[in-house]
Amino acid sequence: MHSVTALRSDEPHRSRPVAGACRRLCAAGACRRVGTAVPRSRVRAPVRLCRTAVAWLAIATPVAFGGSTDPADERALFSDIPVFAASRFEQPAADAPADVTVITAADIERFGYRTLAEVLRAVRGFSASYDYNYSYLGTRGFALTGDYNTRLLLLLDGHRLNDNVYDQALLGQEGVLDIALIDRIEIVRGPSSSLYGSNALFGVINIVSRRGRDVQGATVRVEASGRGGTAAGATVGQRLPGGTEYLIAVGAGRDPGEKRLYFSEFADTPSGGFALDADTDRWRRAFTRVRHADLEITAGFSQRLKSLPTAPFGTTFNDKRTQTLDERSFLRLAYNHALDSGAHWEVRGSFDEYRFAGDYYQDAPTPVVTRDRVVSRWLALGAEWSQRLGSEHRLVAGLEWERDVLTNFTSTDTHADAAPIRYADIHNGSAHQGVYAQDEWRLRDGLLVSFGLRYDRYRGFPGEVSPRAALVYQLDPETTFKLLYGHAFRAPNLNELHYFDGSSSRANPKLRPEHVRTAELVVARRFGPLVQVTANLYRYRITGLITQDENQEDFLTFGNNAQVAIVGGSLGLEGQLARGLVWKLGVSRDVPRADWAARDLIVAARVQAKAALAAPVRELAHLAVEALYDGPRHTLAGQRIGGQTLTNVTITLPALADGVKARLSAYNAFDRRLAVPAGPEFEQTVLTQPRRSVWLNLEASFQ
Amino acid sequence: MMRPGWILLSWLTLAGAALAEPRVLVVPSFGDPPYQGVLAGIRQVAFEVRVDSQALPPTREALERLVKEAAPDTVLVPLGSRAAQAIAEANPALPVVACFLLNAIGPKGNPSWQTATLELPPDIQANWIRRVLPTARTAGILYNPAESAARAEALAGALRRAGLSPQLAEAPRPVDITTALEHLRDRADLLVSIPDLTVFNPITAKTIMLFSYRHRVPVIGLSQAWARAGALFSLEWDHEEHGRYCGQLALKALGIGGRAQPQRKLLTSVNLRAAAHMHVVLPPDLVGMFSTVFD
């Protein structure tokens, strides 16, 4: 066993044994010329805060807008009451100070989504790509290769899931929560730093998990794919009489992936350009949520091991040993109490851990394996107060505190016949505090003004002030206008601030946050109970965009190097017809403004279109089809990738037997050869996306 | 041969006798079927007297004329709050039995004014809750304290007698409903509706049903319309039964008949789809007890 020899910072820079010298450590969007910085932020409160942020999403009430007054007579007993059918139009709340989309568990089941990335990819204004390791999201015309979704804040029941090293939001099978445990997903577009602090440049994605009452028994599910993948999970949950509630879930899976994955760039390798059985994905998860009276405890664990068939970072092609391990866990306690006056207050604390292990094998010029290891733990505390004042004001205020308690960040090269060399050994931590307040002021029926402000203080750079204002006007019960304006910021993350390997990369502790200013107009109109139209126009500018570039000494260093300005908009239509048929359409268009300076970094499609249809079939099954179109885009090298359409089909048998339902899904049903731009860590300029796969899901419920 | 005078006198005597016949004059607020159902119930019991139905006159003057011209041996039976309020304002000298009301309307303490409301005795509600949800331990009561404080307390007492712990949440205005429901979200195993129109009306129904559906808190509805809309089940007086009760009160006001028998027949409705969503298992024999089943 060789001892580790640390590379001193004053040693002359020399070429690393492994070509490219890009490591997972660098990347988190780091190690390349694209910025990934993930701001460190404090997550905001739990569901209550999120609920505030979306203004009582899903329980927004026409009462809030007055409407016609209730009849003060006995006819209230037998007047026609609209049948509640969990309409997709229950959300968003008309007076939410944002453009909001909610995806329910029924939607997830109907369309056969298996990961959060698949869900979000189908949402108006979003796109997704996959590099055979992680899933990446683009939105509002913005997508940087290798950006680990750092400009979107991902919450689970209000708890922040972006880690505090790379600020990565895990959206694929590497995600923390099994898709079957999701009750709904609340997507709040636009800058949300006024409530959530850093990270929320383009929006907040809040996953609301199921509770014991949603299971009230046990559920077992198994999955199998045509290419040999398998997965299984079990959930038990119950709401006991009197209010105590619990849910416990475990799950695991294995997917061999693409067994023969061809890349022309490696045609001269022994395998002829084929990565054989090198796309294996293995995962396991556990989750629990327990509530008793005002106290709730939530804990989650996920571990995912992925082989990398794409030979990133100059590793040997078709070497199945090159793989990454992501492990994420958390424990959260929250005490929420409602006072008789109608006020609510909450205190919460959480402890999080993130672990990463990357093993990168290279045979030439000499066999070496680079091992990246990250262990990070952090503690967070928060408190919040919400109060209604009269019938006009609803106030929310809170404060948050977070501190790293452990950060180990190393990169080590291990040679067969030499002592290991440690190139990076980072232990810098961070601390952060934030205080926020928001007032929703109902000026009169149908007119609401919302104003929020947050101050964040980070170790190492000046405090950040993030305002947001919204004017929500309900022209009539069917039509709502929203005028929104907000600032948001992203603090540089640990990786961007401190990564240093002594040979190719330098730290930049002088990095500053990047900022975005967004103005937006949203119009939502309902045509009867069956059709809803939502349109939005926005303009935003990001300044101080954190990207990586070579400095004067040819070291890769992060800097506030670029700015982005985009004007865009989207139009969404959705409706319900008789007999359970639902449909939706969405288009979006983004136009870079003339003064933007990061054109070569942005690889998002400028035009997107989405269509989905779900219909019952002979009262025995449901058929759902979705088609997702991404318009032309370019690679980092400037090559053009033409427009392409991904089509998924799902057939659901909701009542296969008593308590048993089945679902058969074909992803990329027409087996199209789709491609996305590749990041600089790859030899490839484009990455072909997975071919058609078919998954069968069986679920049995016991109550 | 009878002289014309005798004929005239006989006719007048008969006419006078007819005019003095006990009479129930029903004045419905509206012509909707529920009002017709109540009227039918009144006719069933008041068969020995004359029962007339007169639509609520459109103007106050017309109503006052109607009341004034009514024969002495007449009892007025307004159905619904609109008619009851109008007749109360007309201050008739005749006995009044105001029926089909959510809340009592009319002069208090006036022995010639009686009220029959649609409110169910809280013990009936509590017993049905026990029957349908035997494992429930807490029951939420959402109410406007200015309108229904006494009603809420009465219901709370009945729930306690049935072994349930009431969880009261105040909503003085419709905008307070959301906050009050949040308070009940994790505390109440179910939500009991009470005839409080600030809180439970067709406009607030969406908010309440959305809450019920989202948080799987069954709602015990006020009427069949609520059960159809998604409440787990509902209880209300059968309209004809209520009419029969009112008819008995009217006969008693006329000095005919004995004490009115209390209402017994309920109109019960259950929503099986709501039950499935709430994970409430309803045995077939229990479902069979409901007069209307929505699925």
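Guide: Helices (H or I, at least four residues) and strands (E, at least two) are DSSP runs, numbered from the N terminus. By this rule chain A has 7 helices and 37 strands. This is a predicted model, in which local features need pLDDT of at least 70 and side-chain atom pairs count only at pLDDT 80 or more, while totals for chains, interfaces and linings use all residues. Residues are numbered from 1 along each chain as its sequence is written, chains are lettered from A and ligands numbered from 1 in the order in which they are written, and side-chain values use heavy atoms, with hydrogens and water left out.

Two strands are said to pair if DSSP finds at least two bridges between them. In chain B, 7 strands form an open sheet in the order 7-6-8-9-10-11-12, and the pairing is mixed. Strand 7 (165-170) and strand 12 (292-294) of chain B are at the edges with a single partner strand each, so one side of each has no neighbour in the sheet. The partner of strand 7 of chain B is strand 6 (residues 138-143) of chain B; the two run parallel and are joined by 6 bridges. One of the bridge pairs is formed by Thr138(B) and Ser165(B), the latter in strand 7 of chain B. In general, strands of a sheet pair through backbone hydrogen bonds, either parallel or antiparallel.

Contact here means heavy atoms within 4.5 Å. Helix 5 (residues 122-132) of chain B lies across strand 8 (191-192), strand 9 (219-221), strand 10 (233-237) and strand 11 (266-271) of chain B, and runs at about 150 degrees to strand 10 of chain B. Helix 6 (residues 145-161) of chain B lies across strand 6, strand 7 and strand 8 of chain B, at about 165 degrees to strand 6 of chain B.

Which residues of helix 8 of chain B are buried? A residue is buried if its relative accessible area is under 20%, exposed if over 50%, and partly exposed in between (1.4 Å probe, protein chains only). Helix 8 (residues 205-215) of chain B is mostly covered, with 9 of its 11 residues buried. They are Ala205(B), Thr207(B), Ile208(B), Met209(B), Leu210(B), Phe211(B), Ser212(B), Arg214(B) and His215(B).

The contact is made by Ile177(B), Thr178(B), Leu181(B), Leu184(B) and Arg185(B) of helix 7 of chain B with Thr207(B), Ile208(B), Phe211(B) and His215(B) of helix 8 of chain B. By class, this contact of helix 7 with helix 8 of chain B has 5 nonpolar, 3 polar and 1 charged residues. For this count, Ala, Val, Leu, Ile, Met, Phe, Trp, Tyr, Cys and Pro are nonpolar, Asp, Glu, Lys and Arg are charged, and the others, Gly among them, are polar.

A further helix pair in chain B may be set beside this one. Helix 2 (residues 33-45) and helix 10 (residues 239-253) of chain B pack at an angle of about 50 degrees, with their axes 6 Å apart. Helix 2 and helix 10 of chain B are therefore oblique to each other. The contact of helix 2 with helix 10 of chain B has 7 nonpolar, 8 polar and 2 charged residues.

Strand 24 (residues 479-490) of chain A is mostly covered, 9 of its 12 residues being buried. Strand 23 (residues 461-476) and strand 24 of chain A pair in the antiparallel sense over 8 bridges, and a hairpin joins them through 2 residues. Strand 24 of chain A is also joined to strand 25 (residues 514-527) of chain A by 12 bridges, and these two run antiparallel.

Methods. Axes fitted to C-alpha atoms, helices over the stretch in contact; angles between N-to-C directions. Parallel < 35°, antiparallel > 145°, perpendicular 65-115°, else oblique.
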